[in-house]
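Dear colleague,

I am handing over the structure below, and my notes on it follow. Please read them with the structure open beside you.

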Amino acid sequence: MITCIAIDDEPKALEVIERYCRKISLVDLKASFREPVKAIEFMNRENVDLIFLDINMPDVSGMQLVQTLSNRPMIIFTTAYSHYAVESYDLNAVDYLLKPITFERFLAAINKAETLFAMKNKTGVKNEAPETVFIKSGSQTHHLKISDILYLQKDGNYITIFLKDKRILIRENMGDIFDIVPQGEFVRVHKSFVVAIRHISMIEVHQLVINNEKIPIGSTYRELLRMRLGLE
């Protein structure tokens, strides 16, 4: 469970974060604050893993607040201004969410935070990737085991996630697919396919097989695949 707080001087912005957090069992929103100073006082008393943090606030900006923290939690910035993005990543922010924040984008940020959280809490474990992921499909949010995902296929503006016993359709860009599944366990083999390395049963020059399904290997991805699998 990732413990978190939200800091924003706009009540409606806090309401959005509170509503989204209630939909995700992975996070525990301990408190919300409109005044950064009160949030700092809270963090001096309580352990917090993650902060949802606005940037433009009176008295203390989000950037200034981060720089005052000696024991810095993970940070997800929430703001209406895109020009702070570079500075936020200089502070090692987990993600940078532009308002109005969609639930899909919020989920992607949480998945990134889960990856970092797993790495911090599984010291010495070889596989530091998260074991599960939250996937939003229409009005439903699925909690999936990473190991159950066979491959993902893009078709137009949608991506189908293939599991052994079902398929899940999501609206997502292929360029953002590794915000959903860990890059260490998956590899892109075609402009329309990302596959789970663990489930590959056979590889030929132009295709591979997963769960008896033949998946094409694009010419521009062939060398990358061979390198990832350690093939000569």
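Asn211 is partly exposed, with a relative accessible area of 40%, whereas Asn212 is exposed at 74% (buried means under 20% relative accessible area, exposed over 50%, and partly exposed in between, with a 1.4 Å probe and protein chains only). This is a predicted model, in which local features need pLDDT of at least 70 and side-chain atom pairs count only at pLDDT 80 or more, while totals for chains, interfaces and linings use all residues. Residues are numbered from 1 along each chain as its sequence is written, and side-chain values use heavy atoms, with hydrogens and water left out.

Asn211 lies in the loop between β14 (207-210) and β15 (213-216), and Asn212 is in the loop between these two strands as well (helices, H or I of at least four residues, and strands, E of at least two, are DSSP runs numbered from the N terminus). Most residues other than glycine have a negative phi, and most peptide bonds are trans. Phi of Asn211, however, is positive, near 55 degrees, and that of Asn212 is positive too, at about 70 degrees.

**The sheet and a cis bond**

An open sheet is formed by 5 strands in the order β2-β1-β3-β4-β5, with parallel pairing (two strands pair if DSSP finds at least two bridges between them). Its edge strands, each pairing on one side only, are β2 (27-33) and β5 (95-98). Strand β1 (residues 2-7) pairs with β3 (residues 50-54) over 4 bridges.

In the loop between β5 and α5 sits Pro100, and the peptide bond that joins Lys99 to Pro100 is cis, with omega near -5 degrees.

Best regards
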